[in-house]
Amino acid sequence: MTPELTYLAYSVVLLIAHVLVQATFSDLSKGIGWALGPRDEDREQNPLAERLQKALRNYLETYVAFVALALAVTVADAGNETTALGAAVWFWARVVYVPVYVSGVPLIRSVVFFVSLAGLGLMLIQLL
């Protein structure tokens with residue numbers, strides 16, 4: 001399997017972890033009774049759960065591009081050290097992004113986000 005597809009598989013694991021952690025913290029912040037009930041009324045969640053939700057939303061915004069690039073690189077047989085590095089940079093930046101975002105550190109969060117975009121750029125450049 002190519003490195004890009006390997007990171008694509010890892011990214012699915014990361015997505016599942018993201019969803020499980022975000023949902024758990026959201027439900028806990030809103031109350032177990034509410035989480036197990038019909039959820040008819042909206043409830044506010046605590047700041048930690050809110051940050052996890054925003055981090056998940058941000059992951060999904062870049063995830064589509066990563067999936068497309070990983071598949072395109074593989075189908076076009078354009079994979080090389082640069083695309084493998086791009087996939088690794090994107091993936092590991094996304095792993096780091098969650099605790100950085102949750103901690104509330106503004107500048108570092110933005111830097112990590114742009115590092116993940118640089119990983120996508122490394123992959124894209126090989127296709128153009």
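What follows is a short tour of aromatic pairs, a ring with a charge over it and a surface patch.

Keep in mind that this is a predicted model.

**Aromatic pairs**
- Take Tyr7 and Tyr10: they form an edge-to-face pair, 5.6 Å centre to centre with 90° between the planes.
- Both Tyr7 and Tyr10 lie in helix H1, three residues apart, which is about one turn of the helix.
- Tyr7 is buried because its relative accessible area is 16%, under the 20% cut-off.
- Tyr10 has 41% relative accessibility, so Tyr10 counts as partly exposed.
- Over at Phe113 and Phe114, the ring centres are 5.4 Å apart and the planes meet at 70°, so this pair is edge-to-face too.
- Phe114 itself is exposed, at a relative accessible area of 54%.

**A cluster and a charge over a ring**
- Tyr7 and Tyr10 turn up again in one aromatic cluster, together with Phe91 and Trp92.
- Arg94 lies over the face of Tyr97, at 4.4 Å from the ring centre.

- Val12, Ile16 and Leu20 make a nonpolar surface patch of about 270 Å².
- Leu20, one of these residues, sits in helix H1, which covers residues 3-30.
- With a relative accessible area of 55%, Leu20 is exposed, since exposed means over 50%.

Terms used
Residues numbered from 1 in each chain as written. Predicted model: local features only at pLDDT ≥ 70, side-chain atom pairs only at ≥ 80, totals over all residues. Heavy atoms only, no water. Patch = residues over 30% accessible without salt bridge, like charges linked within 9 Å, V, L, I, M, F, W, Y side chains within 5 Å. Areas by Shrake-Rupley, 256 points an atom, 1.4 Å probe, with all protein chains shown as cover. Salt bridge = Lys/Arg side-chain N within 4 Å of Asp/Glu carboxyl O. Helix = DSSP H or I, 4+ residues; strand = E, 2+ residues; numbered from the N terminus. Buried < 20%, exposed > 50% of the residue type's maximum accessible area, 1.4 Å probe, protein only. Phe/Tyr/Trp six-rings, centres within 6.5 Å; stacked < 30°, edge-to-face > 60°. Lys NZ or Arg CZ within 6 Å of the ring centre and 35° of its normal.
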